[in-house]
Amino acid sequence: MVGAPPSQALESLHVSASKPVTKELKRTEKRDFLVSIEKKYQRRWEEDGVFHADAPPGEDVPVGATSASDLHEKYPKYFVIMAYPYMNGTLHAGHSFSVSKSEFAAGYARMQGRRVLFPMGFHCTGMPVKACADKLVNELAMFGREFEKYKEAADDEQLPAEPASKAVEDPTKFSAKKGKAAAKTVKLKYQFQIMLAMGIPLQDIHLFADTKHWLEFFPGLCRRDLSNFGARIDWRRSMVTTDANPYYDAFVRWQMNRLKDLGKIKFGKRYTVYSMKDGQPCMDHDRSEGEGVGPQEYTALKMQVLEWAPGAQGALEDKLPDGVDVFLVPATLRPETLYGQTCCFVGPTINYGIFRASEREYYVVTDRAARNMAYQGIFARDSEIEKVAEIRGSDLVGCLVNAPLSLHDKGVRVLPMETVSPLKGTGVVTSVPSDSPDDLITVTTLAKKADYYGIEREWAEAQIYPIIDTPTYGDLCATVLVKELKITSPKDVKQLERAKELAYKEGYYQGTLKVGEYRGQTVEMAKPKIRQQLIDAGAAFPYCEPERKVISRSGDDCIVALMDQWYLDYGEESWKKAALEWVANADGKGMNTFHNETRHAFNGALNWLNQWACARSYGLGSKLPWDPQFLVESLSDSTIYMSYYTIAHILHKDIFGKEKGAGGIAPEQMTDSVWDYVFCLRELDNDLPTTSGIPKATLEAMRREFEYWYPLDLSVSGKDLLPNHMTFSIYAHLAVFRPEHWPTATRINGHLLLNGEKMSKSTGNFMTLDDMICKYGADASRIALADAGDNVADANFDENVADNNILRLYNLRHWCKEIVGDQDQLRDGSFNGFQDALFDNEMNSLVAEAQKHFEATNYKAALKAGFYDFINARDFYREACNLADIKMHKDLALRYVELQALLLCVVAPHWAEHVWLDILKKPASIHYTRYPVVPPANMALTAVREYVRVTANNINSGAQQKRKSKNKGVEGSPREPKRLTIFLANSFPAWQEKYVDLVRSSWDTTSRSFRDEKVLNGRIAQMGEMERAMPFVQALKQRLLAGEPENNVLERKLAFDEVSVLGQMLSGLKKTAGLTAIDLVLVDEDGKHGKTVGGDGGQFTSMEGMSEQARNARPGQPTFAFQSMQ
């Protein structure tokens, strides 16, 4: 189990990085009462080990005695995880959103009678912790143990106030040392300021200069927050990663050995994002900016200077050796277009370097590009940058350069382009105005303003040759697009971006070359051949840089290096094929992704992902077993850690593995052979207990745990981890384990907004999990998280939802207690056929609906059915009984209380446990209770309930409008007694019959689904009555899909007696609508004739003035009219 936190500051540590702009609570008495309940049951659950889960004992199921499927059928199980969080801080609300999905899944699985395992580990591998600790080492040397030497400049960040012993309310209100009241929210410059803003006491910050302290401190906070959240976690199985836990270290080394033995780990030169400062690859978890960014490979073209412009000649005098060749080096993604080069662009305000590439060759590029080239074997000596001169872009304008492949074989001129970025490519851009809208609009502008730009006009008017033919835009793609999109200036940025996208897609996928050696071939086929031709001729070379900016945790602006390294061969065809098939889940035996968006994202990641560096030399982690100078990279040691959870409690008692677990095993005994046996990769022989020193019974106990809990039933993560962590996990599972142990479901959720806005520490719109629980308590927070959303799109944690549910839970608990305490005052005996029957049936319906949504992990919809709608059903029943002057039925009221507790157990377990044990006086925890089994809903009663609700709402709204009316000419006075006439119809309009026939022909009675809804909708459209036909057809479809009997729907029959139902509603309608009398009038189809069939028996004699209402009546859709009784 997790050890006690190392600091007394733990319980008062509340993270908040800026002045909060979140909701302020006025009074907290009700919240505090609910929190007291939560704390009571959290302690009890921990003491009773309610969430501890173990495989069936060996005496019940010996190893190998039964198949995994038979074992799971006899002892159903559910193994769920969330991607373990990184331990460089506390959990924020985004973490809590992912946790909630795992937590709700675990809660529902328990209610299905399964043994449920939900473990939680603490990820510490990689750069983040090490980088932060190293920053503190430097800052301690600069400023002293308590940073007393720190002196902020007038425009520098001010020091955050030291946190008080209680929660830090606003740690980024920085105070000057002389006690000035000035405060502002700014970006924090130093690591000690970040720690102070996190609530770490100033006198304790120096401890974090040791990486071990991070590993000892933050896991305790993580456990505290998740326990306060009420998470159903088995904490016995927790661990920290890295060699800080020797058992986990042995596990990671075994994993890497197996992947290498399988040929999945290889060694060789490859491009990788690299930190020059750290001297190692910078992978996703090593980055403070640029996660998911990979190398972008270009073709770097060597454009030899044939003639220097006067400005360049003067700037470079005596700076270059005699007889050398100088090249401007643009980087292009479209080598197939180089036949159409007409000029070369530079940024006139950019400072370029001239760098020595070899004895006789020098390259003109930006310093940034040179940094990349130096680590890609392009320069004379690896990782050395020899800059011999610097020149401004404006001085290069007018140079004549050779353009390889260009039809302008005498050379092209260097021209100015103000939009050239020094942060993209090499800062040199070759111009192809036939196919690049940017280039075309720039040369057009230069030609018009040649004098302004200081160039010869003919330089910008070089002939534009058609080089690629496209079906949509012809052979001068850029010209057509510039005209179509009305682009007139380089400042038309949005239109140019659109034009660039269209030109590239059309040219690459549809284009055919018109010139050159590969004339007549498609661009898609010719492009790689042209590139290789240039490289072979020495006219170009491969060049890489990060796709976008990447900043390492150490603050380095990263480059791309070509280096020898150990890498996982992700993307290898057979491995990728197996992974794609597993994700596709075509036969239903693969991996469930719940949403098509998730499956498509996995397909994209699997098709994109390529070789991945799995080792580094700096940071925290386990040593690569066969090359211990390297550490295992943080996204490579976190792919199959789920399997480690299955046996962690047998190996160790604490997260660091300092105390042996139930198996009494030492770390060194966990050899690769032992891991192989535990994870079903080999069978037990007589030698293994002897060579390992682990008793056979203990070995079998570990294997039983793994065999029972695997495969993983559900893994939950935010969408930011899908392209790396989640995809790597699929790859690794498929490589290491048997198919029956591959993961069966992965749920990806979107990011979490807070009050409809992106969470941001700098704006104050930010909450940690601890903030959330302290403010709203666990259950109200959990309800708001369930209400936030379920699909891959970003969800929203609305503080109003959490706040409102404090009151809702408090009042509902009070009502439940009153009902149970005063149950003898309620009605008993048999149920009546109206109020009781409808309420009983609606509870059955909502229990089934909530279960359907729980099964699909749609918790927002499950919450609506099982909580909001369930309360509404109770309110409707209570009101209906009041209007009928009867008490609620005791059995139904008590049934409601019990069902409500069970339906809320998944989302709000503390409240549910309190009602279950303290109010209903049940003998055991609600966590051991099954999801309620109810009879199928009676669709006729469901239809009656909906009819009563809609009809009553319509009549009451109409009466309210009458009462409010003060206009002259309105019949009668608002205070005069009113009579209501309700018009009913016993036949449907004739025009509807043809649409009923259409629906009947499209409905499949076997599958209870529509064969082809597009065809159905098309046929309806052809009939020319869409405005009235579509709502009618949609209503029929909804009734069929809801399960209403086909005969009732398609044979045009109501599922109930409308006159009888209205007769039972009359007394209630009189009270709610303030009516004196109600008449029920049955009218014929045209609404001109009718007869009184119920109500107060008033004689109906005339339709005058009411014919419109009467004609609009339909079976099940009555209309009505008010009349004064005067």
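Helix 24 (residues 722-736) gives the most to the lining of the largest cavity, with 3 residues. Helices (H or I, at least four residues) and strands (E, at least two) are DSSP runs, numbered from the N terminus. This is a predicted model, in which local features need pLDDT of at least 70 and side-chain atom pairs count only at pLDDT 80 or more, while totals for chains, interfaces and linings use all residues. Residues are numbered from 1 along each chain as its sequence is written, and side-chain values use heavy atoms, with hydrogens and water left out.

**The largest cavity**

A cavity is a set of points, on a 1 Å grid over the protein atoms alone, where a 1.4 Å probe fits but cannot get out; its lining residues have an atom within 4 Å of a point. Grid points are joined across faces, edges and corners, and a volume is the space filled by probe spheres set on the points. The structure holds 6 cavities of 30 Å³ or more, and the largest has about 50 Å³ of space. Its lining consists of Met642, Leu712, Ser715, Met726, Ser729, Ile730, Pro743 and Thr746. These lining residues divide into 5 nonpolar, 3 polar and no charged. In this division Ala, Val, Leu, Ile, Met, Phe, Trp, Tyr, Cys and Pro count as nonpolar, Asp, Glu, Lys and Arg as charged, and the others, Gly among them, as polar.

**The chain as a whole**

The protein chain has 38 helices and 34 strands. Its C-alpha trace spans about 115 × 80 × 70 Å along the principal axes. Of the 1126 residues in the protein chain, 56% are buried. Buried means under 20% relative accessible area, exposed over 50%, and partly exposed in between (1.4 Å probe, protein chains only). Among contacts (heavy atoms within 4.5 Å) in the protein chain with a separation of 6 or more, 76% are between residues 24 or more positions apart.

**Helix 30**

Helix 30 (residues 890-904) has 15 residues and reaches 21 Å from its first C-alpha to its last, close to the 21 Å expected at 1.5 Å a residue. The expected span is 1.5 Å times one less than the number of residues. Because 11 of its 15 residues are buried, helix 30 is largely enclosed by the rest of the structure. Tyr896, Gln900 and Leu904 are among the buried residues of this helix. The buried residues of helix 30 pack against helix 3 (93-111), helix 27 (799-821), helix 28 (835-855), helix 29 (859-883) and helix 31 (909-919).

His72 is in helix 2 (residues 68-74) and is buried, with a relative accessible area of 18%. Leaving aside residues up to four places away in sequence, His72 touches Lys77, Glu707, Tyr708, Tyr710 and Pro711.

Ala312 lies in helix 8 (residues 310-315). It is also buried, with a relative accessible area of 0%. The C-alpha atoms of Ala312 and Leu196, 116 residues apart along the chain, are separated by 53 Å.

**Cysteines**

A disulfide is a covalent bond between the sulfur atoms of two cysteines. Here it is counted as a pair of cysteine sulfur atoms within 2.5 Å, and the count comes to 0 disulfides.

Cys344 is buried, with a relative accessible area of 0%, and Cys816 is buried, with a relative accessible area of 0%.

Key:
1 Å grid on protein atoms, 1.4 Å probe; cavity = no way out; pocket = protein on both sides within 12 Å on 5 of 7 lines; lining within 4 Å.
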